[in-house]
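I set out to record what I looked up in this structure, entry by entry.

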Amino acid sequence: MKKGLSTLCIAALVLSLTACSTAQTADTPSQKNTGQDVLSGEIRGEITVSAYETFRYKNFLEEAAKAFEQKYPGTKVNISTFSKMPEVKTSGDDDKKMTIMTKGDDSQARVDYINKINTELMSGRGADVLGIDVLPWYKYAQSGQLEDVSKYMDTDPAFNLSDYRGNILQATRYKDGQYIFPLDYTFNYFAYDSSLFTEEQQKQLQMDDTFTYENLIGIGASTYKEVSRNTEKPIKMFGFDERDIFRKLLQENYKDLIDIEQRKVHINGGKFAKLLESVKEYAEKDYLKPSTATGTQITLDSLQKNKDEQYFYKVKNNFSLLQHFNKNSRKMAMMDSGQSSSGNEDNDKIAGLSANSDGKVSFSYNQAYAINSNSANKRTAWEFIKFLASEEMQTSLQLSLNGLPINNNARSEKAKLSVTGELYSAMMSPQENTGGGELTDEQMEIYNKYIKTVDRFSDLINSFPVTDTTIESMINAEIENFFNGSKTADEVADILQSKIELYLSE
Amino acid sequence: MKKMVLFFNRTKSFTHSGQSKIARGSRGLLPRLRFVDLMKPFNSRGYPLDTSILFILPGLIGFFVFFIGPFIISLGYAFVDKPVGGVFVGFQNFTELFQNKAYLQGLNNTISFIGVSVPLNVLLSLAVAMLISKVKKYKGLFALIFLIPLVIPSGSMVFFWRAFFDHNGYANFLLNLLGVAKINWLETEYVQFVIVLIFIWKNLGYNMVLFLAGLYSIPKDYYEAAYIDGAGPWQCFRHITAVHLMPTFVLVLIMSIINSFKVFKEIYLITGSYPHESIYMLQHFMNNMFYSLNYQKLATATTVLVLIITLLTKFLLKLERKVSP
């Protein structure tokens with residue numbers, strides 16, 4: 001009996017191994033494919049594109065799918081998105097209209113989506129193209145679930161790297177491979193209220209292209225002390241609270257503290273605790289805007305009140321650059337959480353990009369894509385990504401309002417459309433929509449200034465720290481203990497060091 | 001042929017336990033049959049088949065389909081580099097597993113936890129069982145009190161333990177009353193004491209019942225005879241109780257080791273997927289590998305764990321057979 005059972009076990013083991021080997025043999029040709037092998041295939045058949053964020057991805061993907069199917073007859077692109085659309089509320093009258101889109105953060109839905117994709121990928125199925133929004137893509141890349149598209153970029157004669165922002169693609173490389181392909185990028189820059197600074201200080205703020213928070217505080221500290229003492233007006237150094245500024249500081253120093261690629265954690269080395277302490281110091285010196293209760297309703301009145309506030313420095317994203325150069329343009333306030341505020345912007349001037357002490361300038365994207373390495377139709381999947389990055393799709397308003405296209409021609413074209421207002425025509429009433437056509441001399445001047453600044457700042461981008469939602473949750477939970485006073489900065493750093501180290505060593 | 005021998009042996013063993021008298025003393029001879037036996041199917045040798053097999057069969061099929069089968073299939077993952085289209089990599093996953101810092105941390109913590117909590121739990125439950133067996137009145141009530149933790153759902157107790165050991169919880173409140181500084185119970189090495197306490201609280205009653213059953217099965221005459229011969233309590237314990245409790249002791253040991261793996265549920269609910277490094281157990285590693293769907297590491301870790309538990313159980317059962325009276 002024992003012998004029989006042993007034989008049965010061994011037979012089952014051998015069978016299971018044989019099954020694995022058989023699957024492996026069947027897949028070997030595609031596993032070892034060079035880019036050329038895939039590119040020699042036909043662009044046809046069905047592919048599925050999956051993304052979590054419905055709001056960011058769905059409309060753009062549907063528009064792209066339709067155009068792609070027309071361009072390549074015999075293809076079919078299925079789009080699948082997961083999250084709920086944001087709640088849209090419009091208030092105000094004809095003169096002043098405000099539309100607020102509230103997007104709740106449903107962490108359970110996010111986890112469910114990640115689990116769904118994990119299961120699909122591990123079982124050899126899953127979408128051919130994945131929208132990289134909430135997915136732990138570096139883990140997939142590491143376990144061979146994502147295709148390294150650099151082999152297609154190198155061998156596809158129809159793909160010319162110089163047509164795209166090379167530094168953005170370079171920054172998103174992981175372990176010498178290009179596993180994700182971002183379609184757009186956004187960066188943050190510092191602006192300052194020139195009415196609060198002396199001529200000498202303004203010269204200092206114009207001298208460099210990049211600044212750290214420490215630099216800015218060093219320049220404005222003495223004036224801030226004086227101004228805040230002599231005025232009743234609500235003036236602060238920054239328009240965000242301690243948690244917000246900490247997140248920004250962390251983002252800038254992320255790779256120095258947590259290097260996911262190298263699996264190294266340096267949180268208890270002193271730098272993290274220093275960041276926490278410095279944020280506390282900023283709050284104690286009254287540099288920061290007090291926290292507002294979450295769920296506070298944004299109204300036209302609160303926006304007006306916000307305009308009465310003055311801040312020495314503001315962190316703005318590239319979308320604000322256009323408004324900076326085109327003062328007459330229709331104002332479109334991009335408020336991500338309602339926590340940060342810009343206050344009065346009448347005297348704003350551009351200082352430079354936000355960087356860390358090593359000069360690392362990072363960026364974020366709205367949309368990025370990857371190819372499932374188990375996809376049966378990699379040829380069409382790659383062509384679809386290329387199509388998304390083409391000038392035709394990159395000038396679409398659906399791509400993103402605040403993101404800069406990765407395609408160089410599209411970036412210039414989109415800038416022109418933004419200056420004339422044609423890009424926003426779909427969002428305007430017929431009376432408002434006066435844009436379109438050739439650029440006037442005035443518009444050309446605005447365009448030149450805008451595109452020059454965008455290019456100058458874009459050239460400085462050199463970093464894209466790989467982040468992880470589990471690590472972010474650990475940090476967010478733990479820093480709360482520092483801000484509510486139950487733990488010291490060193491205690492928080494030690495706990496996080498141990499937890500993140502353990503997580504990365506798994 | 002082997003099948004027939006198996007049935008024959010099974011029939012014999014049931015005969016021994018008194019549940020069936022079909023084949024008593026009938027090896028190689030035709031059995032003496034009763035009327036009810038005629039209703040049973042016969043095997044090729046003319047022996048009636050043991051119908052108890054039919055009762056075992058559904059459970060056995062379930063065990064094979066839901067436990068043994070998946071385990072054997074998962075074994076396959078331990079020898080390939082990725083779950084889909086994987087290449088056979090021999091023992092590479094095992095080598096990598098034993099170089100994985102988190103796994104080694106989990107293994108070390110699990111061994112330390114078992115090393116401390118299991119003996120402590122066995123000794124405490126034996127002590128409690130002996131005390132209860134000596135109590136004249138309300139034996140049932142005392143036994144019930146110790147059994148209550150077994151039936152309380154983990155979720156509700158986790159709420160209590162968290163509130164008790166929180167930084168601003170009851171434990172620190174009590175320490176504060178005594179003038180002792182607050183302790184961060186759940187995020188420092190003190191958390192090891194917390195989980196040992198939870199384990200003992202949860203499993204003491206179960207082991208105590210097993211020991212009580214063992215104690216009641218020892219004939220009173222042995223103790224009376226020993227007292228007449230001048231034996232003291234320690235000698236009685238050493239030469240009568242300990243010797244006759246040996247099978248129970250081994251059973252309790254095996255059950256405690258198995259239950260020590262189950263403490264993960266409480267640890268997980270109290271401290272999450274990534275607790276303080278001192279209580280990061282093998283189950284944390286495997287649970288996290290399951291959620292990140294790293295089948296290779298999960299299957300390899302499971303194989304190693306099953307191997308360790310099998311060898312340990314086999315060793316304990318062998319020991320039991322050796323030392324039992």
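The entries below go through a sheet in chain A, the fold of chain B, and a few single residues.

**Entry 1. The sheet in chain A**

I note at the outset that the model is predicted. I looked up the strand order of the sheet in chain A and found E9-E14-E8-E13-E10, an open sheet of five strands with mixed pairing. At its edges I found strand E9 (210–211) and strand E10 (235–238) of chain A, each of which pairs on one side only. As a reminder to myself, strands of a sheet pair through backbone hydrogen bonds, in either the parallel or the antiparallel sense.

**Entry 2. Strand E8 and its partners**

I then took strand E8 of chain A, residues 188–193, and checked its pairing with strand E13, residues 310–317: the two are antiparallel and share five bridges. On its pairing with E14(A), I recorded an antiparallel sense and five bridges. Across from Tyr189(A) I found Lys316(A) in E13(A), and Leu353(A) stands opposite Tyr189(A) in E14(A).

**Entry 3. Strand E14**

Which sense does the pairing of E9(A) with E14(A) take? I found the two strands parallel, joined by two bridges. Here Phe211(A) is set opposite Ser354(A) of E14(A). I also checked burial along strand E14 of chain A, residues 348–354: five of its seven residues are buried, so the strand is largely enclosed by the rest of the structure.

**Entry 4. Chain B overall**

For chain B I counted 14 helices and zero strands. Its pattern along the sequence is α-α-α-α-α-α-α-α-α-α-α-α-α-α. Chain B has 325 residues, and buried ones make up 28% of them. I looked up the contacts in chain B with a separation of 6 or more, and 65% of these join residues 24 or more positions apart.

**Entry 5. Helix H6 of chain B**

I placed Pro149(B) in helix H6 of chain B, which covers residues 139–151. Pro149(B) has 16 C-beta neighbours inside 10 Å and therefore counts as partly exposed. Leaving out residues up to four places away in sequence, I listed Trp201(B), Lys202(B) and Gly205(B) as touching Pro149(B). I also looked up the separation of Pro149(B) from Pro119(B): 30 residues in sequence and 19 Å in space, C-alpha to C-alpha.

Leu150(B) lies in helix H6 as well. Is Leu150(B) buried or exposed? I recorded 12 other C-beta atoms within 10 Å, so Leu150(B) is exposed. Beyond its neighbours within four places in sequence, Leu150(B) is in contact with Gly205(B) and Tyr206(B). Between Leu150(B) and Lys202(B) I noted 52 residues in sequence but 5.9 Å in space, C-alpha to C-alpha.

**Entry 6. Positive phi values**

Most residues other than glycine have a negative phi. I noted two exceptions. The phi of Arg263(A) is near 55 degrees, a positive value. I located Arg263(A) in the loop between strand E11 (258–259) and strand E12 (264–265) of chain A. With 13 other C-beta atoms within 10 Å, Arg263(A) is partly exposed.

In chain B, Tyr138(B) has a phi near 55 degrees, again positive. I found Tyr138(B) in the loop between helix H5 (101–134) and H6 of chain B.

Terms used
Residues are numbered from 1 along each chain as its sequence is written. Chains are lettered from A and ligands numbered from 1 in the order in which they are written. This is a predicted model: local features need pLDDT of at least 70, side-chain atom pairs count only at pLDDT 80 or more; totals for chains, interfaces and linings use all residues. Two strands pair if DSSP finds at least two bridges between them. Helices (H or I, at least four residues) and strands (E, at least two) are DSSP runs, numbered from the N terminus. A residue is buried if 20 or more other C-beta atoms lie within 10 Å of its own, exposed if 12 or fewer, and partly exposed in between; C-beta atoms are placed from the backbone. Two residues are in contact if their C-beta atoms, placed from the backbone, lie within 7 Å.
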